[in-house]
Amino acid sequence: MANWAQMYDWQSDVDRVPELLGRLEHGDDDAAWLELGHRLMLERDLVSPAGIAALPHLVRLAPGSTKARHLAGEILERSAGQHGCDDLLADSADAIAEFGIHLDRHLESRPADYLVTFRALLAVREQYHWANVLGDFTDDFYDLLCPHCATQVTIAIGDYGRYSAIRDWNLGDVDRRELRPTPVEELSGVGRWMHETAIRDGEVVLAEGISHLFGKAECPGCASVFTIADEYEATNCPILR
(Lines give C-alpha, C1' and ligand atoms only; values in the text may rest on other atoms or scores of the structure.)
Protein backbone atom coordinates (compact mmCIF):
# COMPACT_ATOMS: atom_id res chain seq x y z
CA MET A 1 0.00 0.00 0.00
CA ALA A 2 1.26 3.45 -0.88
CA ASN A 3 2.48 5.80 1.81
CA TRP A 4 0.82 8.93 0.48
CA ALA A 5 3.02 11.11 2.67
CA GLN A 6 5.86 10.26 0.28
CA MET A 7 3.89 10.28 -2.98
CA TYR A 8 4.44 13.74 -4.43
CA ASP A 9 2.47 14.92 -7.44
CA TRP A 10 3.67 17.44 -10.05
CA GLN A 11 2.58 20.33 -7.84
CA SER A 12 4.69 19.00 -4.95
CA ASP A 13 1.65 18.07 -2.87
CA VAL A 14 1.07 14.75 -1.12
CA ASP A 15 -2.53 15.12 0.05
CA ARG A 16 -4.45 16.39 -2.98
CA VAL A 17 -4.33 13.22 -5.14
CA PRO A 18 -5.90 10.91 -2.51
CA GLU A 19 -8.57 13.57 -1.93
CA LEU A 20 -9.37 13.70 -5.64
CA LEU A 21 -9.46 9.91 -5.90
CA GLY A 22 -11.89 9.83 -3.00
CA ARG A 23 -14.18 12.27 -4.80
CA LEU A 24 -14.06 10.22 -7.99
CA GLU A 25 -14.91 6.99 -6.20
CA HIS A 26 -18.23 8.62 -5.28
CA GLY A 27 -19.08 9.78 -8.79
CA ASP A 28 -17.84 11.32 -12.02
CA ASP A 29 -16.42 14.84 -11.71
CA ASP A 30 -14.92 16.51 -14.79
CA ALA A 31 -13.05 19.13 -12.77
CA ALA A 32 -11.54 16.46 -10.51
CA TRP A 33 -10.44 14.36 -13.50
CA LEU A 34 -8.80 17.37 -15.14
CA GLU A 35 -6.90 18.33 -11.99
CA LEU A 36 -5.91 14.73 -11.32
CA GLY A 37 -4.43 14.35 -14.80
CA HIS A 38 -2.33 17.49 -14.36
CA ARG A 39 -1.05 16.29 -10.99
CA LEU A 40 -0.20 12.75 -12.15
CA MET A 41 1.18 13.45 -15.63
CA LEU A 42 3.66 16.10 -16.72
CA GLU A 43 2.79 17.23 -20.26
CA ARG A 44 1.72 13.63 -20.95
CA ASP A 45 5.35 12.59 -20.87
CA LEU A 46 6.47 11.90 -17.30
CA VAL A 47 4.53 10.29 -14.48
CA SER A 48 4.78 11.46 -10.86
CA PRO A 49 5.21 9.14 -7.85
CA ALA A 50 1.58 9.90 -7.02
CA GLY A 51 0.67 8.57 -10.48
CA ILE A 52 2.19 5.18 -9.70
CA ALA A 53 0.47 5.17 -6.32
CA ALA A 54 -2.88 5.98 -7.97
CA LEU A 55 -2.78 3.04 -10.39
CA PRO A 56 -4.69 0.48 -8.25
CA HIS A 57 -7.39 3.08 -7.54
CA LEU A 58 -7.75 3.93 -11.24
CA VAL A 59 -7.91 0.23 -12.15
CA ARG A 60 -10.82 -0.22 -9.75
CA LEU A 61 -12.65 2.64 -11.46
CA ALA A 62 -11.74 1.61 -15.03
CA PRO A 63 -14.64 -0.83 -15.73
CA GLY A 64 -17.13 1.99 -15.22
CA SER A 65 -15.08 4.97 -16.32
CA THR A 66 -13.47 5.77 -19.67
CA LYS A 67 -11.47 8.57 -18.02
CA ALA A 68 -10.03 6.18 -15.44
CA ARG A 69 -9.15 3.63 -18.12
CA HIS A 70 -7.39 6.22 -20.27
CA LEU A 71 -5.48 7.80 -17.38
CA ALA A 72 -4.33 4.42 -16.05
CA GLY A 73 -3.19 3.50 -19.55
CA GLU A 74 -1.23 6.76 -19.95
CA ILE A 75 0.48 6.20 -16.60
CA LEU A 76 1.47 2.66 -17.54
CA GLU A 77 2.77 3.77 -20.95
CA ARG A 78 5.26 6.01 -19.12
CA SER A 79 6.01 3.77 -16.16
CA ALA A 80 9.38 2.66 -17.55
CA GLY A 81 10.66 6.22 -16.97
CA GLN A 82 12.28 7.72 -13.90
CA HIS A 83 9.69 8.01 -11.14
CA GLY A 84 11.50 6.43 -8.18
CA CYS A 85 8.67 4.02 -7.39
CA ASP A 86 9.73 0.73 -8.97
CA ASP A 87 8.91 -1.20 -5.78
CA LEU A 88 5.44 0.30 -5.66
CA LEU A 89 4.92 -0.52 -9.33
CA ALA A 90 5.95 -4.12 -8.66
CA ASP A 91 3.52 -4.27 -5.72
CA SER A 92 0.76 -3.23 -8.14
CA ALA A 93 1.34 -6.28 -10.36
CA ASP A 94 -2.02 -7.87 -9.50
CA ALA A 95 -3.90 -4.64 -10.23
CA ILE A 96 -2.03 -4.23 -13.53
CA ALA A 97 -2.85 -7.83 -14.52
CA GLU A 98 -6.51 -7.17 -13.70
CA PHE A 99 -6.34 -4.03 -15.82
CA GLY A 100 -4.99 -6.10 -18.72
CA ILE A 101 -7.99 -8.44 -18.53
CA HIS A 102 -10.37 -5.48 -18.58
CA LEU A 103 -8.56 -3.89 -21.52
CA ASP A 104 -8.66 -7.10 -23.55
CA ARG A 105 -12.39 -7.47 -22.96
CA HIS A 106 -12.89 -3.86 -23.98
CA LEU A 107 -10.96 -4.46 -27.21
CA GLU A 108 -13.26 -7.36 -28.09
CA SER A 109 -16.20 -4.95 -28.01
CA ARG A 110 -14.54 -3.06 -30.92
CA PRO A 111 -14.77 0.32 -29.17
CA ALA A 112 -14.24 3.79 -30.63
CA ASP A 113 -11.09 4.11 -28.51
CA TYR A 114 -9.62 0.87 -29.85
CA LEU A 115 -6.09 2.17 -30.53
CA VAL A 116 -5.86 3.92 -27.15
CA THR A 117 -6.89 0.69 -25.46
CA PHE A 118 -4.53 -1.40 -27.59
CA ARG A 119 -1.61 0.82 -26.63
CA ALA A 120 -2.53 0.58 -22.95
CA LEU A 121 -2.56 -3.21 -23.21
CA LEU A 122 0.89 -3.10 -24.80
CA ALA A 123 2.07 -1.17 -21.75
CA VAL A 124 0.52 -3.79 -19.46
CA ARG A 125 2.65 -6.33 -21.32
CA GLU A 126 5.71 -4.07 -20.76
CA GLN A 127 6.01 -3.27 -24.46
CA TYR A 128 6.52 0.40 -23.61
CA HIS A 129 8.36 1.32 -26.81
CA TRP A 130 5.43 0.18 -28.98
CA ALA A 131 2.82 1.56 -26.58
CA ASN A 132 4.27 5.03 -27.00
CA VAL A 133 4.59 5.14 -30.80
CA LEU A 134 2.06 2.78 -32.39
CA GLY A 135 -0.39 4.63 -34.63
CA ASP A 136 -3.32 3.59 -36.77
CA PHE A 137 -1.12 3.22 -39.89
CA THR A 138 -2.75 6.00 -41.81
CA ASP A 139 0.27 8.31 -41.41
CA ASP A 140 3.01 6.47 -39.45
CA PHE A 141 6.75 7.12 -39.68
CA TYR A 142 9.66 5.44 -37.90
CA ASP A 143 13.20 6.80 -38.13
CA LEU A 144 16.11 4.45 -37.57
CA LEU A 145 19.69 3.78 -38.61
CA CYS A 146 20.60 1.09 -41.11
CA PRO A 147 22.48 -1.57 -39.09
CA HIS A 148 24.95 -2.06 -41.95
CA CYS A 149 25.91 1.45 -43.10
CA ALA A 150 24.34 3.73 -40.41
CA THR A 151 22.32 5.66 -42.99
CA GLN A 152 19.33 7.46 -41.46
CA VAL A 153 16.32 5.65 -42.91
CA THR A 154 12.69 6.72 -42.74
CA ILE A 155 10.13 3.92 -42.60
CA ALA A 156 6.68 4.94 -43.80
CA ILE A 157 3.56 2.83 -43.23
CA GLY A 158 0.33 4.52 -44.22
CA ASP A 159 -2.25 5.38 -46.83
CA TYR A 160 0.42 7.11 -48.95
CA GLY A 161 2.66 4.05 -49.13
CA ARG A 162 4.69 1.48 -47.22
CA TYR A 163 8.35 2.06 -47.93
CA SER A 164 11.83 2.87 -46.70
CA ALA A 165 13.39 6.10 -47.94
CA ILE A 166 15.93 8.85 -47.36
CA ARG A 167 14.22 11.97 -46.06
CA ASP A 168 15.36 15.12 -47.83
CA TRP A 169 14.52 18.54 -46.37
CA ASN A 170 13.47 19.94 -49.76
CA LEU A 171 12.46 16.89 -51.77
CA GLY A 172 10.70 14.81 -49.12
CA ASP A 173 11.13 11.03 -49.11
CA VAL A 174 13.46 10.01 -51.94
CA ASP A 175 14.83 6.71 -53.22
CA ARG A 176 11.86 4.77 -51.94
CA ARG A 177 12.02 0.99 -51.53
CA GLU A 178 8.87 -1.05 -50.90
CA LEU A 179 8.65 -2.78 -47.52
CA ARG A 180 8.43 -6.55 -47.29
CA PRO A 181 5.72 -7.56 -44.80
CA THR A 182 6.22 -10.69 -42.76
CA PRO A 183 3.76 -13.48 -43.66
CA VAL A 184 1.31 -14.16 -40.86
CA GLU A 185 2.64 -17.67 -40.26
CA GLU A 186 6.16 -16.30 -39.73
CA LEU A 187 5.27 -13.69 -37.13
CA SER A 188 6.44 -14.47 -33.60
CA GLY A 189 6.58 -12.94 -30.13
CA VAL A 190 4.84 -9.62 -29.52
CA GLY A 191 4.41 -9.05 -33.26
CA ARG A 192 2.35 -12.23 -33.55
CA TRP A 193 0.27 -11.31 -30.49
CA MET A 194 -0.38 -7.80 -31.83
CA HIS A 195 -1.42 -9.14 -35.23
CA GLU A 196 -3.63 -11.91 -33.83
CA THR A 197 -5.38 -9.47 -31.49
CA ALA A 198 -6.06 -6.99 -34.30
CA ILE A 199 -7.41 -9.76 -36.57
CA ARG A 200 -9.58 -11.13 -33.76
CA ASP A 201 -11.18 -7.73 -33.38
CA GLY A 202 -11.64 -7.04 -37.09
CA GLU A 203 -8.95 -4.32 -37.21
CA VAL A 204 -7.64 -5.24 -40.66
CA VAL A 205 -5.71 -2.01 -41.35
CA LEU A 206 -3.97 -2.25 -37.98
CA ALA A 207 -3.10 -5.90 -38.60
CA GLU A 208 -1.67 -5.16 -42.05
CA GLY A 209 0.38 -2.30 -40.63
CA ILE A 210 1.79 -4.59 -37.94
CA SER A 211 2.84 -7.18 -40.54
CA HIS A 212 4.81 -4.40 -42.27
CA LEU A 213 6.22 -3.00 -39.02
CA PHE A 214 7.55 -6.46 -38.15
CA GLY A 215 8.63 -7.03 -41.73
CA LYS A 216 11.80 -6.12 -43.61
CA ALA A 217 13.09 -2.96 -45.25
CA GLU A 218 15.80 -2.29 -47.80
CA CYS A 219 18.28 0.47 -47.02
CA PRO A 220 18.37 3.05 -49.84
CA GLY A 221 22.00 3.74 -48.97
CA CYS A 222 23.59 0.29 -49.20
CA ALA A 223 20.71 -1.94 -50.38
CA SER A 224 21.05 -4.23 -47.36
CA VAL A 225 17.87 -5.73 -45.89
CA PHE A 226 17.01 -5.60 -42.20
CA THR A 227 14.07 -6.29 -39.88
CA ILE A 228 12.36 -3.01 -39.00
CA ALA A 229 11.09 -3.96 -35.54
CA ASP A 230 14.45 -5.40 -34.48
CA GLU A 231 16.27 -2.18 -35.31
CA TYR A 232 13.63 0.02 -33.71
CA GLU A 233 13.62 -2.07 -30.52
CA ALA A 234 17.42 -2.09 -30.33
CA THR A 235 17.37 1.70 -30.06
CA ASN A 236 14.14 2.39 -28.20
CA CYS A 237 13.37 -0.58 -25.95
CA PRO A 238 13.81 0.64 -22.35
CA ILE A 239 16.02 -1.16 -19.87
CA LEU A 240 13.61 -2.51 -17.28
CA ARG A 241 14.83 -2.41 -13.73
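Modeller: Let us begin with a crossing: α7 passes α9 in a right-handed crossing. This is a predicted model, in which local features need pLDDT of at least 70, side-chain atom pairs count only at pLDDT 80 or more, and totals for chains, interfaces and linings use all residues. Residues are numbered from 1 along each chain as its sequence is written, and side-chain values use heavy atoms, leaving out hydrogens and water.

Colleague: Why is α7 called roughly antiparallel to α9?

Modeller: The axes of α7 and α9 (residues 189-200) cross at roughly 150° and come within 12 Å. Angles over 145 degrees count as roughly antiparallel, so α7 is roughly antiparallel to α9.

Colleague: Which residues make that contact?

Modeller: Contact means heavy atoms within 4.5 Å. Tyr114, Phe118, Leu121 and Leu122 of α7 meet Val190, Trp193, Met194, Thr197 and Ala198 of α9.

Colleague: How do α6 and α7 pack?

Modeller: Helix α6 (residues 93-108) and helix α7 (residues 114-124) pack at about 150°, their axes 9 Å apart. They are therefore roughly antiparallel to each other.

Colleague: Which residues of α11 are buried?

Modeller: In α11 (residues 228-236), Ile228, Ala229 and Tyr232 are buried, that is, under 20% relative accessible area with a 1.4 Å probe, protein chains only. Seen down the axis of α11, its buried residues fall within an arc of 85°, so they line one face of the helix.

Terms used:
Buried < 20%, exposed > 50% of the residue type's maximum accessible area, 1.4 Å probe, protein only. Helix = DSSP H or I, 4+ residues; strand = E, 2+ residues; numbered from the N terminus. Arc of directions from axis to C-beta. Axes fitted to C-alpha atoms, helices over the stretch in contact; angles between N-to-C directions. Parallel < 35°, antiparallel > 145°, perpendicular 65-115°, else oblique. Left-handed = near helix turned anticlockwise from the far one by under 90°.
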